[in-house]
Structures are given as structure tokens and as C-alpha cells.
Amino acid sequence: MDATLTKRDFQQLSSFIYDNLGIKMPDSKSTMLTGRLTKRLRALELSSFSEYCDFLFSPEGQEEEMVHLVNVITTNKTDFFREPSHFSYLTQTALPTLQKTRTYSYQNSLKVWSAGCSTGEEPYTLAMVLSEIEASQAGFRFDILATDISTRVLEIARRAIYPMGLIQPVAPLFRKKYLLKGKNAKNPQVRIVPELRKRVRFGRLNFMDENFGLPYTVDIIFCRNVIIYFDKQTQEKLMIKFCQFLNQGGYLFLGHSESLHGYDTPLSQVAPTIYRKL
């Protein structure tokens with residue numbers, strides 16, 4: 001099958017993706033979209049992108065195909081201890097500052113949200129560094145909520161099995177404590193230990209949903225290298241929404257190329273790509 005994505009079909013799809021997912025899809029993405037959606041045409045046994053659009057826009061398609069569309073168009077690049085300065089700031093500055101006015105215990109734990117968690121390396125990194133603090137501070141307790149729009153990456157995150165090549169950024173001490181080595185020498189893998197997996201709660205969330213449905217407000221939000229896929233208007237709306245779930249004095253961590261400059265939010269920059277709700 002060699003279907004062609006016409007300009008009309010691309011415009012329909014890009015408008016639909018923007019309206020439902022908030023992701024901007026400029027004309028330069030046409031080739032990428034063609035390549036990724038061709039697999040869906042084969043799976044659905046459709047002969048053209050026009051047929052795919054008809055199906056996607058139908059009530060049945062909205063219910064059945066939406067999750068597949070999300071999985072093929074979202075980019076998921078992450079690493080353990082990505083942007084390590086963020087984790088240093090979290091443990092050495094943000095948490096001690098928060099603890100000046102609050103006690104985080106079993107009754108009132110530190111609540112962290114990994115928003116756009118991808119395949120799980122970020123929330124598991126957070127679980128590692130916070131577990132170290134928990135071990136050194138009697139009574140300290142934390143909870144991590146991790147969300148993503150893609151069911152495919154959430155499935156990988158829940159399994160918590162990763163190729164050995166991905167653990168290079170993890171310190172030897174942490175590897176020994178928090179990673180289990182697989183027995184297949186031909187396909188070397190590691191798995192996050194059960195004790196750490198239990199500390200992360202995963203769930204699906206679309207940032208364009210009116211109601212996020214979070215179970216609680218949080219003290220820390222990591223949302224890194226996610227909002228770059230949105231236009232500025234959508235970014236600002238999303239940040240205002242995030243602030244509704246961020247406790248007073250809480251911190252927001254963005255990606256290295258992201259900024260809230262010029263946005264009308266109750267967030268103040270306290271370090272490069274790190275903001276605090278004051």
C-alpha cells in the first residue's frame with residue numbers, strides 16, 4: 001500500500017490533533033505524519049488517508065482509534081537522571097525550603113507529579129532520590145503520581161524493564177539498591193525493584209481535558225520537554241491549570257529549552273527552568 005496524504009487530509013488531521021491534543025502540527029510534519037499513520041492504515045485495512053479521516057472522525061473512531069493516534073504521533077524521549085541539576089536542586093534547595101514550613105509524614109506526604117512521564121525513567125529517578133531522603137529522615141514520606149497521554153509508554157513504565165544501555169546515568173550505588181539485573185545475557189536488561197515500583201502511581205491524562213481528575217494537589221511538578229509541542233496560547237493555559245494543582249510555595253520544573261517568560265501565571269523563576277508558586 002502506498003497511500004498519499006493529501007493537503008486536505010493533512011489539514012483535517014492537524015486541526016483534529018490540535019483541537020484534541022493541543023499538539024501543533026505544522027506543514028513540515030506532513031512526511032512524519034504520513035510515515036507514522038501508514039501503519040495504522042495497514043492495521044485497519046484502509047486504502048487511503050481520506051478513509052482513515054472518515055473513520056477517525058466518526059463516533060466509533062473517536063472511541064477506538066484515538067488512543068492509537070496518540071501513540072503514533074507523540075514523541076517520547078527521556079532518560080534516567082535527565083538534566084541532573086534538577087534533582088540536585090530538588091533535594092538540596094526545594095525540599096529543604098518546603099520543610100521549613102511543613103512536615104512531610106505518613107499523614108501528610110510530599111506529593112510529586114511527573115506530568116508527561118513517558119516510559120517512566122523520570123518518576124523512577126524521583127523515587128530513587130526521594131527514597132534516599134526517606135532513609136535518612138525519620139518519618140519523611142513521599143508519593144509520586146506519573147501521567148502521560150500515551151497508553152503505549154505507560155505500559156512500558158508500569159513494567160519498569162529497561163535495556164542495560166539506558167542505566168549509564170544511574171550511579172553505581174543506586175544501581176545496586178534499585179535495579180535488578182535480568183538473566184538473559186544476549187538481551188541484558190534491568191528492572192526497577194518492586195519496593196520502588198510501588199511508590200509510583202501511573203495514570204493516563206490528556207492535558208487538553210477539562211478535568212485533570214488528580215486525586216490531590218501537589219508540592220512538586222516535573223513537566224519537562226512536554227510543552228514545546230504546544231503553541232504559546234496553549235502553554236499559558238496549561239501553566240495556569242497546573243497552578244490550580246500546585247500548592248502554595250510548590251515548585252515547577254520545566255525542560256532545558258522551555259520558558260514561561262511573558263506568561264501571566266503566579267509562578268516566579270527561582271533557577272534556570274525552575275519556578276515557584278508564590
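Modeller: Let's start at Ser150: setting aside neighbours within four places in sequence, it is in contact with Val70, Asn71 and Thr74 (contact means heavy atoms within 4.5 Å). Before going on, bear in mind that this is a predicted model, where local features need pLDDT of at least 70, side-chain atom pairs count only at pLDDT 80 or more, and totals for chains, interfaces and linings use all residues. Residues are numbered from 1 along each chain as its sequence is written, and side-chain values use heavy atoms, with hydrogens and water left out.

Ser150 itself sits in the loop between strand 2 (142-148) and helix 8 (151-159) (helices, H or I of at least four residues, and strands, E of at least two, are DSSP runs numbered from the N terminus). With 0% relative accessibility, Ser150 counts as buried (under 20% relative accessible area with a 1.4 Å probe, protein chains only; over 50% is exposed, and partly exposed lies in between). Look across to Tyr216, 66 residues away along the chain, and you'll find 22 Å between its C-alpha atom and that of Ser150.

Thr265 is another loop residue, placed between strand 8 and strand 9 (267-271). Thr265 is buried too, at 15% relative accessible area, and beyond its neighbours within four places in sequence it touches Met239 and Ile240.

Now for the rings. The whole structure has 18 aromatic pairs (rings of Phe, Tyr and Trp, its six-membered ring, with centres within 6.5 Å; planes under 30 degrees apart are stacked, over 60 edge-to-face, the rest tilted). One of them joins Phe81 and Phe174, a tilted pair at 5.9 Å centre to centre with 40° between the planes. This pair links distant parts of the chain, since Phe81 is in the loop between helix 5 (66-73) and helix 6 (84-99), while Phe174 is in helix 9 (residues 172-178), 93 residues apart. Both Phe81 and Phe174 are buried. Then there's Tyr89 with Tyr251: the ring centres are 6.1 Å apart and the planes meet at 70°, so this pair is edge-to-face. Tyr89 belongs to helix 6 and Tyr251 to strand 8 (residues 246-254), so the pair ties together parts 162 residues apart in sequence. Tyr89 is buried at 15% relative accessible area, and so is Tyr251, at 2%. Ring pairs also gather Phe81, Phe87, Tyr89, Phe174, Tyr178, Phe222, Tyr251 and Phe253 into a cluster.

Last stop, a helix pair. Helix 2 (residues 30-44) packs with helix 3 (residues 49-56) at an angle of about 75°, their axes 10 Å apart (axes are lines fitted to C-alpha atoms over the stretch in contact, and angles run from 0 to 180 degrees between N-to-C directions). That makes the two helices roughly perpendicular, the label for 65 to 115 degrees. Helix 2 brings Thr34, Leu37, Thr38, Arg40, Leu41 and Leu44 to the contact, and helix 3 brings Phe49, Tyr52 and Phe55.

Notes
Angles under 35 degrees count as roughly parallel, over 145 as roughly antiparallel, 65 to 115 as roughly perpendicular and the rest as oblique.
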